[in-house]
Structure formats: structure tokens, C-alpha cells
There are 2 protein chains.
Amino acid sequence: MATIYDVAELAGVSPATVSRVFNGTSVSDEKVAAVRDAAAKLSFTPNRTARTLRRQSSEVIALVIPDIENPYFTEMARGVEDVASEAGYSVVLCNSDAQVEKEATYLRIAIAEHMSGIIIATADESTNLDSILATGRPVVAVDRSTTYDIDGVVMANRAAGTSATKNLIDAGYRRIAYIGGPEHIDTAAERAAGWRTALTTAYPDLDLSGLQRFETFRVDGGRAAMEELLALPEPPDAVVAGNNLIGVGAIQVLTEHGLTPPEVGVAVIGSLPFTTLSPSAVTVVRLPARHMGVTAARMLLERIKGDKQPARTVVLRNEVQSASPRV
Amino acid sequence: MATIYDVAELAGVSPATVSRVFNGTSVSDEKVAAVRDAAAKLSFTPNRTARTLRRQSSEVIALVIPDIENPYFTEMARGVEDVASEAGYSVVLCNSDAQVEKEATYLRIAIAEHMSGIIIATADESTNLDSILATGRPVVAVDRSTTYDIDGVVMANRAAGTSATKNLIDAGYRRIAYIGGPEHIDTAAERAAGWRTALTTAYPDLDLSGLQRFETFRVDGGRAAMEELLALPEPPDAVVAGNNLIGVGAIQVLTEHGLTPPEVGVAVIGSLPFTTLSPSAVTVVRLPARHMGVTAARMLLERIKGDKQPARTVVLRNEVQSASPRV
DNA sequence: TTGAAAGCGCTAACAG
DNA sequence: CTGTTAGCGCTTTCAA
């Protein structure tokens, strides 16, 4: 690997000049040319590690998510990546697997590797951001809010819960169950609150007990909860799924029981990019995951550049795509 | 940020001793204790950048994939990550977006950041690995084979094409189309070859012209091709999808046309983790993506540790999950 | 505009 | 077992 010294020697200049050429500070045209020539001849690539050590920061941002296999998060990652790479930053994707310890490890690595910022969808409400914040690095929370005073981008979760439920109500369903993620994740709690409000407003006398399930935000969570609901003495006639994967699990179980969607109403909070369902069978509250990633990345980049305004939280609107009316 | 000098001073030892404590070389028990104490007091985290610069290698491996939104690749990433983090390595996920230029950028970063190895599913047959190989870094190819003499892990692609097709033949279909990825990607070509062999063996007089489509390995590719096939004067009565996303697209279009699967036979090469189809409607050739990631990571780690045996290629067997027989 | 020189924080000889 | 010391390759004052 050629170093800046090799290039300097070949170009007949000082190492400092080579550095300047690669960092865009003023150097005479001839020397620029000479340096570029020499660099090309030696196929020189600046050593980022050395630069990082010297500068105490690197053009890398960490994106920490709880489930890399969830298309919702990969779609978000796409958004982050597009903005970041546009700005010359690379993105390190870290999968916390919804475990606080794994997450802590990645946070430690982010510090030790001098990464310049973090975008994080926390694993848990117990995620500790103290040490990372103590280093002064900007952190943007996505998808889930935190108790810290930092920038955030979230979905309109309560509204999502409400519109999903209302949609089902308008379609004529009544006993509408809700399957959400872990209760202590605010995203899940908010969506559940939206469901409860919509339902009790429409049917004040409906007994909600047994109709609400908290599960993992995964396909198996949706499956388990749906099986339970179906086993109820008085099963629901519709269900709101708290996220995309729960929706998939619930629909799978319904299908297996011969209850293909409009028969039991289904509304899913989150898109189902890879379903093969007829698009009109299920109500989908689209969550703009890519947009969330884009927004978070932009905010982070501004902070990295030194923006000092008070912490902001952006709430992203969602869009309901109704199922066709029940026949 | 505390440095080893701060820790050394507080612990009353030399910086070298601190370094030794954190790298597991022999230090007397008392000093180890003193150092650990001091480190804890200062909440010291070793600076990885400095270590990397000094050691000329870091415990980071790059995983370069063409589509981060494809569950096949994220499942693989999971496998890589599990093995890597077990061994104390972190994984940087790089999305080449099937573009050779983006891929080249990431490869350059991998060098410049001293990453110790690369696992890559190449974007294209024109991917150039020369410079990365010139640095002596181990590279493992996954999913797609390359022209380089390096380790690889691939699926039994031709066999996958054959069994998918045979399965459909056994179910009584005859005009079986094939929708695959770009012809110049060997994965796609091999699967197509398997389809062709199976079909011409069973029906030597069948005219295959028009029945074969090369598209992008994405949902829209599957959709477009399926629409074309359906518009044929003599449309196929079944279709083999060359990967999971193409399968999703094809099934979507069929559903929209009222031709739900067993009506038109469908076999998909690759799993459909998020479909809501009744599992018995479609034949799935399961590709062990996670296992591919695990295998690749293990091979890479061995190479990093200095394994010098000749390049190996591992071919992973797949497992067919048949649709129920046509009624 | 350019060069000399001093580190960034760590590791690895080399002595002791 | 432990300390001293010389860099890894780069950036960035400070002078010229």
C-alpha cells in the first residue's frame, strides 16, 4: 500500500502537499497535477484509519436496528444509506436483534471506531444512551422514541392505530381485535391506544377484554396471537396487526383456518412488500419507512456539521390503503 | 476519552502493561487488577482506530450484497453476523444495489479501513476484485461464482431449477415457463439450464421459445415477465420463478388475473418468508440462505487466521417443499 | 502556496 | 513480567 510519502517523493513535493491535494485546500495547479499523477501511478488510496485517528472522527455513521430481517427496517436502511452515501458517508448496519446487550456492544464499537453519528431504533425502553451521548456524538432515534433529549423521527402511531381500526369499523366489522408488539415499546403502546380509542368510540358497550394481545413484533408473534384469538369462545370478526410481520403471521393463520381475509377483516399497520395477496383484501396503513430513514439521515448529517438547535421530533404521516368493501 | 496513558498513570504501570491487559498477554495478577480498576474508573474504551492503524488490520469484515431489501440476502447477513460476532468481529453491511461502481466504492473503503476480509455477492460478472485481492485480503464469494480463484459458497442452482420444474411436471403441468434473473448472472443462467433440461427431457417436442424470460431479480421483474407470459397467444400453464422476489411478482400478477396458484402452477426457487399464501399452493425450493452466510463467514475467518489451503467452493443442497397435488 | 514537524492512541520489538 | 521507545499514515499548526 502506497502512502502519502511515496506519492510525495514521486511527485517531488512534501507529504503535506499531498494531503492538501486530497483534502481540497489550496495547492498550485502544477503540483496538483503532479500529485494526482503520482497517486494514480502508485494506485494510492488514502488510509482512512490514519485520517480518522488524526481527525478524531470518521465519515461513518452507525445504524442500529432491532431486526435486520424485517423489511420495514431494511427499507429504512435504504433511505439512510442513500442520503449518507450521497454526502460521502458510509453506513454500518448493526443488528441488535432486540437485545440490549448486543446493542450496547455496537454502541461501544461506534465510539471506539470514532463513528461520527448514530441512528438508532432502540431495542428496548431500557436502552442506555448515556455513554454515547457523553462523547458528544449526535444520535437520532428512529421509529421508537426515547427518554433522552435527542432528535427523533417517528410514525404517527396512534393515528395509524385509529385509522386502521376505523377502516375496519366502516367496513362493518365489530369485534375487532388488536395484536401488537411488546407493551413496553412505545410504538406498540401508541398503536394499541389508537385502536382502543377508535373501537370504544364506535362501540362504547363492546367488551375489549381478551381482544388485545401483546406479542413480539415478528411473524411467529402474529401467528401465536391469532391462534389464541381464534380459539376464543367468541372469536373476533376482524383484527388489527400492530406491524407488518404480525400481519403476515395473522393472515397466514387465518388462511390456514380457511378464513381468507375479507371473511375475517384484517388491517395491517405497515406495508407488506412481499405478500401475494390480492391487494384489495387487506387494509394497509402504509408507513413511510424509507422516508423515515431519509429524514433521520438528514437530521444526523446536520448535527454532525454542527447544527445546535434544540432537539426536534419529526412525526411522519401515514397513508391508508383500504381493502375493498366487504361483500 | 481516556487513553491507555491515563489508565497507566492511575494504575501506576506503563502504557504497555495496560495494552497487554487488554490483549491477553501475561501480566501479573495484581497489575491486571489495578489496570482493570483504573480503566473502569475512567470508563476507558480502547481506541480501535489507533489499534487498527498500528496493527494494520481490524476486526471488521465487509459483507457486500446487491440488494439489502431482499430477504434472501438479509437472511444470509444474519448468518454471517452470528458467526462473526461470535468470533469478536463486526460486520459492515454494504449495499451495492447491483451497481458495479457502488460496489467498487465499498471495496475501496474496505481496503482503506483495513477491514480484514470481504464476503461478496457480486453485482455483476464484471466485478473487479483485482485490487482487493492484491492487498492479500481474503475474499469469499457467496451466491454467485466469480472467475477468480477464491473461496465460494453457492447454491445447487442447476439442481434447484431441475427440481422446481420436475415438481411441476409431476403435478401435471406441461407448458412451464421460466422467469429468471439477468442472463449474465451465473445463478440465473444455471437455474434456467436446470429448467430447460428437465422440461426438454420430459417433453422433447415442446417448443420452449417464448417461455423463457430474463428479468431483474426483483418483484417488478417478476410482474413484468408474468404479464408478458399471460399475454402470449398460448400462455403457459405453469411457471418457475428464478428467485423469491420474481416469485412474489409473478404470483401477484396471477392473483390479479384471478389465476390463483394451483390453477396456474407455480414453483419458486427461494423461500417466501413473508407471504400469506396457503403453504400448499406453491412449490418452494428452499435455499439455505442463513446457512450460506454461516459457511461463508466460517471460511473467511479461517482464511483470516492464515489458512492457506487451495480455494474451495461449497455447494449447498436445497430442499423442495412441494405444493399439494393439483385437484 | 509550501514544508517541517509534532502528534492522534495504540502495539510490538527490545531491553532489562 | 515489565518499561522504553519507535513508529502505523495522516492532518495541521507554524514558519517561511
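1. The structure is a predicted model, in which local features need pLDDT of at least 70 and side-chain atom pairs count only at pLDDT 80 or more, while totals for chains, interfaces and linings use all residues. Residues are numbered from 1 along each chain as its sequence is written, and chains are lettered from A and ligands numbered from 1 in the order in which they are written.

2. The same surface serves both of them, since 100% of the contact residues of chain B recur in chain A.

3. The contact takes 41 residues from chain B and 41 residues from chain A, where two residues are in contact if their C-beta atoms, placed from the backbone, lie within 7 Å. On the side of chain B that touches chain A, α4 (48–55), α5 (71–86), β2 (90–95), α6 (100–112) and α11 (244–256) each supply at least two residues, and the largest share, 6 residues, comes from α5(B). Helices (H or I, at least four residues) and strands (E, at least two) are DSSP runs, numbered from the N terminus. By class, that side of chain B has 17 nonpolar, 16 polar and 8 charged residues; Ala, Val, Leu, Ile, Met, Phe, Trp, Tyr, Cys and Pro count as nonpolar, Asp, Glu, Lys and Arg as charged, and the others, Gly among them, as polar.

4. Helix α11(B) is mostly covered, with 11 of its 13 residues buried; a residue is buried if 20 or more other C-beta atoms lie within 10 Å of its own, exposed if 12 or fewer, and partly exposed in between, with C-beta atoms placed from the backbone. The cover of these buried residues includes α5, β6 (176–180), α10 (219–231), β8 (238–241) and β9 (265–269) of chain B. After α11(B) comes G258(B), whose phi is positive, near 75°.

5. In chain A, the axes of helix α8 (residues 157–170) and helix α9 (residues 186–202) come within 7 Å and cross at roughly 40°; axes are lines fitted to C-alpha atoms, for helices over the stretch in contact, and angles run from 0 to 180 degrees between N-to-C directions. The residues of the contact of α8(A) with α9(A) divide into 9 nonpolar, 7 polar and 4 charged. The buried residues of α9(A), among them W195(A) and L199(A), pack against α8, β6 (176–180), β7 (212–214), β8 (238–241) and β9 (265–269) of chain A.

6. Two loop residues of chain A deserve a look. S43(A), in the loop between α3 (29–41) and α4 (48–55), has a positive phi of about 40° although it is not a glycine, and it counts as exposed because it has 10 C-beta neighbours inside 10 Å. A98(A), in the loop between β2 (90–95) and α6 (100–112), has a positive phi of about 60° although it is not a glycine, and it counts as buried because it has 20 C-beta neighbours inside 10 Å. Most residues other than glycine have a negative phi.
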